[in-house]
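Hi everyone, thanks for making time today.

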Amino acid sequence: MKLKGWKDIPWGGLILEAGNAQKYETGGWRTFRPIWHEDKCKQCLFCWIYCPDGSVIVEDKKVKGFYYEHCKGCGICAQECPFEAITMEEESKFRKDQGGRP
Amino acid sequence: MEKVMAFTGDEIAAEAMRQINPDVLAAYPITPQTETVQKFSEFVAEGRVSTDMIRVESEHSAMSACVGAAAAGARAMTATSANGLALMWEIIYIAASYRLPIVMPVVNRALSGPINIHCDHSDSMGARDSGWIQLYSENCQEVYDNLIQALPIGEDRNVLLPVMVCFDGFIISHGTEGVAVLEDKVARNFIGEFKNIHSLLDIDNPVTYGPLDLFDYYFEHKRQQVEAMEKAPEVVKKVGKQFGELTGRFYGLLEDYHLQDADLVVIAAGSTAGTVKATVDELREEGVRAGLLKIRTFRPFPQKEIIQKLSKAKAVAVMDRSASFGAIGGPIFLEVRSALFEEQKKPLVISYIYGLGGRDTGINQIKQVYHDLAKAAQSGKVSQLVNYLGVRE
Ligand code: SF4
Ligand code: SF4
């Protein structure tokens with residue numbers, strides 16, 4: 001994203017565009033990655049309710065995985081899942097083949 | 001059109017606030033501001049204002065409530081002094097950086113410690129980098145006039161900055177003077193309506209206040225604040241002129257008194273400017289070419305005007321009612337002296353720290369200052385750069 005100059009942004013750090021947090025990817029902050037195990041999942045949607053970042057993908061009322069561009073890896077979903085269908089794994093494992101990059 | 005009545009500084013501040021009729025007033029009592037809010041709370045109790053008055057548990061909360069209210073689109077006010085201002089510190093920066101034009105009387109009082117309730121400018125001078133406009137008042141009339149002008153200044157679309165209207169604790173706040181007051185209708189018409197175009201309560205145009213602002217944009221937002229301050233002088237002058245057309249009392253960034261042909265100039269802010277005027281009158285009778293340059297607007301600092309006003313002076317004394325510990329001289333002195341640095345022909349400039357903790361500063365002391373200036377002008381040398389006027393050795 002090209003950064004704008006001071007004349008071209010709203011004053012005071014105000015955000016005038018509702019929901020534009022979507023454009024700000026925070027997946028790079030993650031040190032642990034949630035992994036969804038479909039076989040154990042009962043589709044209770046607890047993970048979806050608890051995720052503070054709206055990073056659980058739900059389609060047709062069913063969990064499908066995570067938006068890794070935004071998931072910060074807090075682990076709340078894994079903690080709250082009653083069926084141990086989410087495990088947290090070290091992010092570095094997934095990044096080695098990308099030279100450590102997201 | 002105006003009526004002259006007797007008011008103390010605190011009472012006239014409350015009277016101005018009654019006319020302003022802010023949507024929200026959140027305040028906590030502190031000497032010598034107390035009577036302002038006490039008087040205003042009577043107006044609330046009597047139903048003479050429609051203000052939502054929030055009795056908060058501290059000044060930190062008072063300013064926080066004002067920030068919230070102003071962000072929601074309200075005209076919000078508070079008032080404070082000294083340690084109360086110090087307790088708001090965190091939030092005064094936030095008010096300025098969110099560009100919320102909150103107006104706040106600051107009844108100048110010495111900061112602790114040791115604890116003291118009397119006047120000096122250590123409280124508001126400490127807040128000089130917070131991003132607030134600062135107007136200093138010489139007497140009760142100016143408290144009223146500055147408060148009425150503070151709203152159209154701060155709320156101007158090119159400015160959008162909070163404004164402190166400073167006046168000296170006890171000397172002004174508890175001194176009774178005759179004050180010309182506009183009719184309510186006329187005052188309200190002058191002040192106009194406030195519309196925050198980015199109101200939190202405008203659900204059709206949602207806005208977020210206070211998001212995280214890191215190395216990618218924080219600097220740009222500070223640059224915008226600098227720009228707003230740079231735009232402010234024109235607005236201060238415009239509003240001061242409009243106010244003059246209404247009342248006959250014209251205001252600018254500075255006021256000068258017998259400055260035209262003055263060789264020896266004293267610069268002062270607040271009530272001491274009045275004492276300097278009386279001193280100038282006496283000295284003029286003795287044939288001394290003495291003058292006064294009064295600082296009304298310290299933020300934004302009127303650099304251009306000061307250079308121009310001092311172009312004929314030979315020696316200048318800058319009176320500071322606060323010490324800047326570890327600096328060479330008081331805060332107003334430092335900026336005046338720095339403003340003159342590029343000038344080819346510049347006067348000698350001397351710093352006088354005076355009146356700390358309410359120490360009285362009278363005509364004889366100020367005569368001493370002019371006497372020092374005369375000596376400096378004659379010899380072309382400053383013998384003592386920083387002086388402490390009225391302290392016991
Ligand atoms: S780890 Fe945290 S942010 Fe990521 S999906 Fe789970 S709850 Fe959401
Ligand atoms: S909380 Fe666990 S079981 Fe429930 S939907 Fe999420 S992953 Fe599936």
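The second largest cavity has a volume of about 80 Å³, and please keep in mind as we go that this is a predicted model. Thirteen residues, written 13 on my slide, line the second largest cavity, and nearest its centre you will find A:C41, A:C44, A:C47, A:C81 and A:A85. Sorted by class, that lining has 11 nonpolar residues, 1 polar and 1 charged.

How many cavities of 30 Å³ or more does the structure hold? There are 3. The largest cavity comes to about 100 Å³. Its lining counts 15 residues, and the closest to the centre are A:C51, A:S55, A:C71, A:C74 and A:C77. Here the lining residues split into 10 nonpolar, 3 polar and 2 charged.

For the largest pocket, the volume is about 1200 Å³. It is lined by 35 residues, and those closest to its centre are A:I15, A:N20, A:A21 and A:Y24, together with B:Y217. The lining of the largest pocket is made up of 16 nonpolar, 10 polar and 9 charged residues.

Let's move to the helices. Two packed helices are described by the angle between their axes and the distance between the axes. Take α3 of chain B, residues 59–71, and α4 of chain B, residues 82–97: their axes come within 7 Å and cross at roughly 25°. That angle makes α3(B) roughly parallel to α4(B). The crossing of α3(B) past α4(B) is right-handed. Who touches whom? From α3(B) we have B:E59, B:H60, B:M63, B:S64 and B:V67, and they meet residues of α4(B) including B:L87, B:M88 and B:I91. The contact between these helices has 8 nonpolar, 3 polar and 2 charged residues.

My last pair is also in chain B: the axes of α1, residues 9–20, and α2, residues 34–45, come within 8 Å and cross at roughly 40°. Are they parallel or oblique to each other? α1(B) and α2(B) are therefore oblique. α1(B) passes α2(B) in a right-handed crossing. On the α1(B) side, the contact involves B:D10, B:E11, B:A13, B:A14, B:E15, B:M17 and B:R18, while α2(B) brings B:E35, B:T36, B:K39, B:F40 and B:F43. By class, this contact has 5 nonpolar, 1 polar and 6 charged residues.

That's my tour, and I'm happy to take your questions.

Definitions and conventions. Residues numbered from 1 in each chain as written. Chains lettered and ligands numbered in written order. Predicted model: local features only at pLDDT ≥ 70, side-chain atom pairs only at ≥ 80, totals over all residues. Heavy atoms only, no water. 1 Å grid on protein atoms, 1.4 Å probe; cavity = no way out; pocket = protein on both sides within 12 Å on 5 of 7 lines; lining within 4 Å. Points joined across faces, edges and corners; volume = space filled by probe spheres on them. Nonpolar A, V, L, I, M, F, W, Y, C, P; charged D, E, K, R; others polar. Axes fitted to C-alpha atoms, helices over the stretch in contact; angles between N-to-C directions. Helix = DSSP H or I, 4+ residues; strand = E, 2+ residues; numbered from the N terminus. Parallel < 35°, antiparallel > 145°, perpendicular 65-115°, else oblique. Left-handed = near helix turned anticlockwise from the far one by under 90°. Contact = heavy atoms within 4.5 Å.
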